[in-house]
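Subject: Structure with ligand, for your files

Hello,

Here is the structure we talked about. My notes on the ligand and the pockets follow below.

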Amino acid sequence: MRTTELPDGESVPVLGLGTWRMGEDPRRQVEELRALREAFEIGYRLIDTAEMYGEGGAEKMVGKAIAAAILAGEIRREDLFIVSKVYPHNASERGVQSACRRSLERLELDYLDLYLLHWPGNHPLRSTVTGFEALRGQGLIRHWGVSNFDVSEMEELWALPTPRHRVGCCVNQVYYSPSQRGIEFALQPLLTSRRMPVMAYSPTDQGKLAQDPVLKAIGVRHGKTAIQIALAWILARSYRIAIPKAVQKKHLVENFEALGIELEARDFEEIDARFPPPARPVPLAML
Ligand SMILES: NC(=O)c1ccc[n+]([C@@H]2O[C@H](COP(=O)([O-])OP(=O)(O)OC[C@H]3O[C@@H](n4cnc5c(N)ncnc54)[C@H](OP(=O)(O)O)[C@@H]3O)[C@@H](O)[C@H]2O)c1
């Protein structure tokens, strides 16, 4: 698996699996569990989930799949990188303590590899960060980060007093895909200057990019699909992680195989013509 680095130098897979919409419908449980087990078999090691997804249902699915795969000897906990997120309304200093413990219980885990504030909320950022740092001290989370933070919110975060020995925020998870390039203007360069990866959510525009004529045409030249080209394009630059969600096995495999694609100058030019990079500040896209 290709990796990128967190600000503390730890390696993280550049491709992970999203889980939004999983754990919502009991009738889909068998299929979703199968998908998660297949994902481990294929080689996915980073899983992105949140207390919001299925109101805990997605975390439970992920927990069941991990427990079964570990029991079967297919994976080890230390090989996984598990990401979850706290609702902004739970993100007070004390709130993150209980929310994190609830997530861990659903996930059947002792610790999270990364815990994110799902989007900016009303609790003072300082209290969320204090809560995250306390969780880190207790060994319940290994890293923390944010999601849906635009430039001004990152600046507010960086302005908080942080003791020197602490790494602080490790990741910003935002909507990023070939059609949603706003972060390239200011946010991504700022994060990259701090060696902080962007975690690209909805990297396939929720599957819609499969129909894009330009991505499809580039795919034909490479013997690949439009979605694979989109993922390869996102991952062509450093400090990027993509977390496409898939339940269908053909999607899981297809997305994973995007890791091996090397795009050429002509491909980048055609994607720039189809989805021009931002020429001025653009508000952060969100789903
Ligand atoms: N932080 C946030 O606020 C935030 C917001 C949105 C998402 N996220 C995270 O990011 C993850 C990914 O985003 P997302 O789920 O919104 O969108 P996405 O990953 O871009 O798209 C998922 C959809 O695309 C389909 N798909 C996947 N691979 C495909 C392929 N190769 N060809 C055709 N269709 C394909 C999936 O179908 P099947 O499932 O049927 O295979 C699913 O319907 C989420 O699951 C979640 O973990 C975070």
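How many residues surround the ligand, and which are the closest? There are 27 of them, and the closest are D48, T204, Q206, K245 and H251. Please keep in mind that this is a predicted model, and that the values below are computed from it.

The ligand

By type, the shell around the ligand is made up of 13 polar, nine nonpolar and five charged residues. Helix α9, which covers residues 249-257, gives the most to this shell, with three residues.

T204, already listed among the closest residues, has a side-chain N or O atom 2.7 Å from an oxygen atom of the ligand. For S147, a polar side-chain atom lies 2.8 Å from a nitrogen atom of the ligand. For Q173, the distance from a polar side-chain atom to a nitrogen atom of the ligand is 2.9 Å. On its own the ligand has 900 Å² of accessible area, and the protein covers 89% of that.

The largest pocket

Which pocket does the ligand take up? The space it takes is the largest pocket. That pocket has a volume of about 720 Å³. Its lining consists of 33 residues, and W20, S202, Q206, P244 and K245 are the closest to its centre.

How much space lies in the second largest pocket? The figure is about 230 Å³. This pocket is lined by 13 residues, of which W158, V167, G168, C169 and R194 are the closest to its centre. Nine residues of the lining are nonpolar, two are polar and two are charged.

Regards

Terms used. Residues numbered from 1 in each chain as written. Predicted model: local features only at pLDDT ≥ 70, side-chain atom pairs only at ≥ 80, totals over all residues. Heavy atoms only, no water. Near = heavy atom within 4 Å. Polar contact = N/O pair within 3.5 Å; in protein donor to acceptor, adjacent residues only side chain to side chain. Areas by Shrake-Rupley, 256 points an atom, 1.4 Å probe, with all protein chains shown as cover. 1 Å grid on protein atoms, 1.4 Å probe; cavity = no way out; pocket = protein on both sides within 12 Å on 5 of 7 lines; lining within 4 Å. Sits in = over half its atoms within 2 Å of the grid points. Helix = DSSP H or I, 4+ residues; strand = E, 2+ residues; numbered from the N terminus. Nonpolar A, V, L, I, M, F, W, Y, C, P; charged D, E, K, R; others polar. Points joined across faces, edges and corners; volume = space filled by probe spheres on them.
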